[in-house]
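Subject: Structure for your review

Dear colleague,

Please find below the structure that I am handing over to you. I would be grateful if you read my notes with the structure open beside them.

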Amino acid sequence: MARQKLEQYLEDYPFSDTSHIRRDGDRLWIPKLYCHNGHDLTVTGVTFDGLPAIHILAEVGEGGPREDFYLSPIINDPRKEGPELPDGTRLRLLCPECREPLRQLVPCTCRVGAYRRAVYLTPDPQELGAVGICEVYGCPQSFVTEDGELLYEVVQEYGRE
Ligand SMILES: [Zn+2]
Ligand SMILES: [Zn+2]
């Protein structure tokens, strides 16, 4: 059995009405995310608990069909809308607007050769605020950085109930 765990690396994040990461009660969420070209990926047509979803285009396999996925903006929330695929399907994640592949960040431990891809907290990737999402369907491992520092990481743990 696998379960996922949220690691938090910063005790005193300055949550506010304008911070890049927001908090209401126990819920941590991200109000805006952008591609490396500054395109806004947030949509209001799909929501999770009333919060705008993150729209990502994904190519299924090399040159395969392109599908729209809507991810929850809540940290450590695996919900998404989109086609159901077998867990472990490799995706090529693209910006729905410029259709460029999302930038490769660091390897994911879920599979050999899998990478986390970047969506950014601000329109300027130089500001070093990013969410790294795995390009493998069904892998929940993600992380959030701001000012180049790791703030949150969702880690899949195996072999425990
Ligand atoms: Zn774009
Ligand atoms: Zn992964």
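The notes below go from the whole protein to its sheet and then to its core.

Please keep in mind that this is a predicted model.

Overall form

The protein contains 13 strands and zero helices. Read along the sequence, its pattern is therefore β-β-β-β-β-β-β-β-β-β-β-β-β. A compact globule of 161 residues would have a radius of gyration near 15 Å, and the protein agrees with this, as its own value is 15 Å. Along the principal axes, the C-alpha atoms fill a box of roughly 40 × 40 × 30 Å. Of the 161 residues, 29% are buried. Among contacts with a separation of 6 or more, 50% are between residues 24 or more positions apart.

The open sheet

Six strands make up an open sheet with antiparallel pairing, and their order is β1-β13-β12-β11-β10-β9. Why do β1 and β9 each have one side without a neighbour in the sheet? Both β1 (2–8) and β9 (104–107) stand at the edges and have a single partner strand each, so one side of each is left without a neighbour. From one strand to the next, the twist averages 25 degrees.

Strand β10 is largely enclosed by the rest of the structure, because five of its six residues are buried.

The nonpolar core

How many residues does the largest nonpolar core have? It has 33, and those with the most contacts inside this core are L33, L41, I54, I56, V119, Y120 and V131. The elements that give two or more residues to the core are β5 (51–60), β6 (66–71), β8 (91–94), β10, β11 and β12 (142–146). Strand β5 provides the largest share, with five residues.

Apart from neighbours within four places in sequence, V131 is in contact with I30, L33, V119, S142 and V144.

Yours sincerely,

A colleague

Key. Residues are numbered from 1 along each chain as its sequence is written. Chains are lettered from A and ligands numbered from 1 in the order in which they are written. This is a predicted model: local features need pLDDT of at least 70, side-chain atom pairs count only at pLDDT 80 or more; totals for chains, interfaces and linings use all residues. Two strands pair if DSSP finds at least two bridges between them. Helices (H or I, at least four residues) and strands (E, at least two) are DSSP runs, numbered from the N terminus. Axes are lines fitted to C-alpha atoms, for helices over the stretch in contact, and angles run from 0 to 180 degrees between N-to-C directions. A residue is buried if 20 or more other C-beta atoms lie within 10 Å of its own, exposed if 12 or fewer, and partly exposed in between; C-beta atoms are placed from the backbone. A nonpolar core is a set of buried Ala, Val, Leu, Ile, Met, Phe, Trp, Tyr and Cys residues joined through C-beta atoms within 7 Å. Two residues are in contact if their C-beta atoms, placed from the backbone, lie within 7 Å. The radius of gyration is taken over C-alpha atoms; the globule rule is 2.2 Å times the number of residues to the power 0.38.
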